[in-house]
Amino acid sequence: QAQLRESGGGLVQAGGSLRLSCQAYGSIASINEMVWYRQAPGKQRELVATIDSGGYTNYADSVKGRFTISGDNAEKTVYLQLNSLKPEDTAVYYCNALGVVTTAPEYRISDYWGQGTQVTVSS
């Protein structure tokens, strides 16, 4: 079993920055990919950025050049640096771990979601 915990959200002015963290806990042997999603009130959840076990990253067009995802499997932690924030970035940001290999109580490969961290950008 595993769980994810996001942190680092808050209230910032437009143009400001935040650094989000996602820590994975449990009997984790490896993680294939970590993904950041976000969901604004009344809107669908959307993909923001991804990073795989090789360190390759991808970004949504709406955040490319402003956000940076980083992390590694060994530390079981992924970060999302949010720069040049806009009011439209306001959302709950969720961490998603894909292909998580856990060994307790049994060997298992599963996906896990964090509970989210709120990012609010004022104009």
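**Close-up views of a predicted model**

**View A. Arg 66 counts as buried, with a relative accessibility of 11%.** This falls under the 20% limit for buried residues. In this predicted model, the side chain of Arg 66 pairs with Asp 89 in a salt bridge whose closest N and O atoms are 2.7 Å apart. Distant parts of the chain are linked by this pair: Arg 66 sits in the loop between strand E6 (57-59) and E7, Asp 89 in the loop between E8 and E9, 23 residues apart. Through shared partners, salt bridges join Arg 66, Asp 89, Arg 38 and Glu 46 into one network.

**View B. Asp 89 also forms a salt bridge with Arg 38, with 2.9 Å between the closest N and O atoms.** Because Asp 89 belongs to the loop between E8 and E9 and Arg 38 to strand E4, the pair ties together parts 51 residues apart in sequence. Asp 89 counts as buried at 1% relative accessibility, and Arg 38 likewise at 5%.

**View C. Arg 38 and Glu 46 form a salt bridge, the closest N and O atoms lying 2.7 Å apart.** Glu 46 counts as partly exposed, at 33% relative accessibility. The structure holds 3 salt bridges.

**View D. The largest nonpolar core has 31 residues, of which Trp 36, Leu 80 and Tyr 93 touch the most other members.** Elements giving two or more residues to this core include strand E3 (18-26), strand E4 (28-39), strand E8 (77-82) and strand E9 (91-102). E9 supplies the largest share, 5 residues.

**View E. Contacts of Leu 80, leaving out residues up to four places away in sequence.** Among the residues that Leu 80 touches are Leu 18, Leu 20, Trp 36, Val 48, Phe 67, Ile 69 and Tyr 93. Arg 19 and Thr 68 are also among its contacts.

Terms used. Residues are numbered from 1 along each chain as its sequence is written. This is a predicted model: local features need pLDDT of at least 70, side-chain atom pairs count only at pLDDT 80 or more; totals for chains, interfaces and linings use all residues. Side-chain values use heavy atoms; hydrogens and water are left out. A nonpolar core is a set of buried Ala, Val, Leu, Ile, Met, Phe, Trp, Tyr and Cys residues joined through side-chain atoms within 4.5 Å. Buried means under 20% relative accessible area, exposed over 50%, partly exposed in between (1.4 Å probe, protein chains only). Helices (H or I, at least four residues) and strands (E, at least two) are DSSP runs, numbered from the N terminus. Contact means heavy atoms within 4.5 Å. A salt bridge is a side-chain nitrogen of Lys or Arg within 4 Å of a carboxyl oxygen of Asp or Glu.
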